[in-house]
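Please examine the sequence and the structure shown below.

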Amino acid sequence: MSVGTLHDDRGEEYADLTSHDTFVRAVPHATFTRMRREEPVAWVEEVDGGGFWALTKHADIAAVSRDYVRFTASRGIRIEQMAPDELEARRTMMEFDPPEHARLRRLVQPGFTPKVIATYESAFRLLAGHVLDAALPQGELDFVTEISRELPIRLLCRLLGVPESDAGLLVTWGDQMISNADPEYTPVVIDKMDTEEYRLLPFRSPAALEVFRYAEEMAAERRSSPEDDIITTLLTAEPDGQPLTDLEFKNFFTLMMVAGNETTRHTISHGLIYLLDNPIQMEQLREDPAALSVGATEEILRASSVTMHFRRTATEPVEMRGKTIQPGDRVVMWYPSANHDEEVFERPFEFDIRRRPNDHLTFGTGRHVCLGASLARLEVRVVFEELLKRVAAIEITGGPDRLRSNFINGIKHLPIRVTLA
Ligand code: HEM
């Protein structure tokens with residue numbers, strides 16, 4: 001069975017990027033391909049009469065990500081316009097430019113260097129082994145709910161310093177927030193209901209209230225008994241000679257939890273689909289993980305591009321490919337398109353675990369480049385190394401069931417049948 005091919009919106013070349021529904025069937029790659037060719041800096045109209053610039057070329061997205069003077073992150077990083085009070089209430093380090101951004105990022109950066117993250121490898125391998133050994137013998141199972149959804153959150157709990165027994169709660173709240181356009185995960189669907197009462201909360205989601213309450217409890221606990229973990233670091237830090245405010249701490253905690261969990265989970269789910277779609281490469285990976293698993297991880301990251309966009313706002317008039325972007329205009333960077341740009345990647349729609357170079361923009365670039373990139377890479381690599389050791393064959397038996405979101409390229413369910421090795 002062949003699912004998850006990279007072309008699956010053929011025939012629908014003008015997909016509406018503003019609609020979450022568009023992405024339920026597939027990432028609209030035919031539209032992106034056409035935009036790269038015909039109008040790589042395109043004005044996309046919104047139903048309310050507004051609009052934004054959509055960037056689809058690798059070079060433009062890299063340039064805008066690096067140019068924090070002309071393209072600020074401080075006015076919001078998702079497509080939605082935010083009122084000043086909303087922006088203030090929900091601001092994290094993602095919505096700051098240098099130098100304020102650096103002061104905040106420095107608080108957590110030391111815990112995420114490749115060297116520090118490498119020290120988690122054996123613990124994560126053990127964890128992955130436990131989860132796989134509990135799930136795979138069932139024979140028929142949902143790869144997402146039993147495996148990929150279970151793993152990143154548990155490692156994140158250890159890093160943050162929260163009890164692993166709360167992983168289930170945290171992942172449920174995370175789903176409700178980041179998947180705020182999908183009725184399977186949240187009763188408060190962002191584009192279908194009035195979310196005005198939640199406008200000051202992350203993702204306009206009531207689940208954020210639960211996360212905030214949880215973060216407050218954790219903060220109280222760590223204040224009385226500090227540990228060597230991220231929560232304690234955040235509570236004791238004084239980035240501007242002042243400790244973080246209560247709201248800053250809660251937003252920071254929420255960001256770390258959401259950013260580090262859903263993204264990696266969906267990447268792992270896509271990874272399985274790509275490998276099963278390319279059985280020869282999967283066999284080669286099983287036979288020689290030492291040589292191939294780093295490259296396979298990069299290719300899975302490129303092909304899946306789980307975070308589909310972030311946004312900047314122009315601060316001055318900028319000419320780009322014949323278009324004039326005006327101050328205040330929103331500029332949306334479509335990473336799946338950058339990662340399939342024919343000018344950068346040969347045969348961009350082929351999955352190739354030996355691809356070199358593989359300069360994908362899945363983690364963005366510039367000052368805001370993903371803080372958790374090393375962590376995500378480690379998790380994806382180790383999961384597949386451990387999985388392939390344990391199985392002789394895997395077959396997808398349904399779906400995949402995709403998330404309703406133009407922000408996260410997510411898979412909600414992926415039923416599989418497994419034959420153990
Ligand atoms: C495959 C998994 C992941 C993907 C696709 C991903 C994607 C991204 C992207 C594209 C950005 C850049 C945002 C921008 O330019 O505005 C980013 C930033 C960020 N990511 Fe990730 N991420 C992943 C995993 C993680 C993990 C595991 C963590 C760990 C906690 C994490 C934490 C963050 C944080 C805190 C930022 C903000 C950095 C800043 O503003 O300086 N991410 N991520």
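This is a predicted model: local features need pLDDT of at least 70, side-chain atom pairs count only at pLDDT 80 or more; totals for chains, interfaces and linings use all residues.

Helices (H or I, at least four residues) and strands (E, at least two) are DSSP runs, numbered from the N terminus.

Residues are numbered from 1 along each chain as its sequence is written.

The protein chain contains 17 helices and twelve strands. Its radius of gyration is 21 Å, close to the 22 Å that the globule rule gives for 421 residues, so the protein chain is as compact as a globular protein of that length. The radius is taken over C-alpha atoms, and the globule rule is 2.2 Å times the number of residues to the power 0.38. The C-alpha trace spans about 60 × 55 × 40 Å along its principal axes. Of the 421 residues, 44% count as buried. A residue is buried if 20 or more other C-beta atoms lie within 10 Å of its own, exposed if 12 or fewer, and partly exposed in between, with C-beta atoms placed from the backbone. Among contacts between residues at least 6 apart in sequence, 67% join residues at least 24 apart. Two residues are in contact if their C-beta atoms, placed from the backbone, lie within 7 Å.

How do helix 13 and helix 15 cross? The axes of helix 13 (residues 246-277) and helix 15 (residues 289-304) come within 9 Å and cross at roughly 105°. That angle makes helix 13 roughly perpendicular to helix 15. Thr 267, His 270, Gly 271 and Tyr 274 make the contact from helix 13, and Ile 300, Leu 301, Ala 303 and Ser 304 from helix 15. These residues divide into four nonpolar, four polar and no charged. Axes are lines fitted to C-alpha atoms, for helices over the stretch in contact, and angles run from 0 to 180 degrees between N-to-C directions. Angles under 35 degrees count as roughly parallel, over 145 as roughly antiparallel, 65 to 115 as roughly perpendicular and the rest as oblique.

The backbone also has cis peptide bonds to note. One joins Pro 98 and Pro 99, with omega about 5°; Pro 99 is placed in the loop between helix 4 (84-90) and helix 5 (100-108). Another runs from Arg 356 to Pro 357, with omega near -10°, and Pro 357 lies in the loop between helix 16 (335-338) and helix 17 (373-390). The loop between helix 16 and helix 17 also holds Arg 347, whose phi is near 45°, a positive value in a residue other than glycine. Arg 347 counts as exposed, with 9 C-beta neighbours inside 10 Å. Arg 321 has a positive phi of about 45° although it is not a glycine. Arg 321 lies in the loop between strand 6 (318-320) and strand 7 (323-325) and is exposed, with 12 other C-beta atoms within 10 Å.

Helix 3 (residues 58-66) includes Ala 59, and Ala 63 also has its place in helix 3. Ala 59 is partly exposed, with 14 other C-beta atoms within 10 Å, and Ala 63 counts as partly exposed with 18 C-beta neighbours inside 10 Å. The C-alpha atoms of Ala 59 and Val 344 are separated by 8.7 Å, although the two residues are 285 residues apart along the chain. For Ala 63 and Thr 365, 302 residues apart along the chain, the C-alpha separation is 8.9 Å.

Technical notes. Ala, Val, Leu, Ile, Met, Phe, Trp, Tyr, Cys and Pro count as nonpolar, Asp, Glu, Lys and Arg as charged, and the others, Gly among them, as polar.
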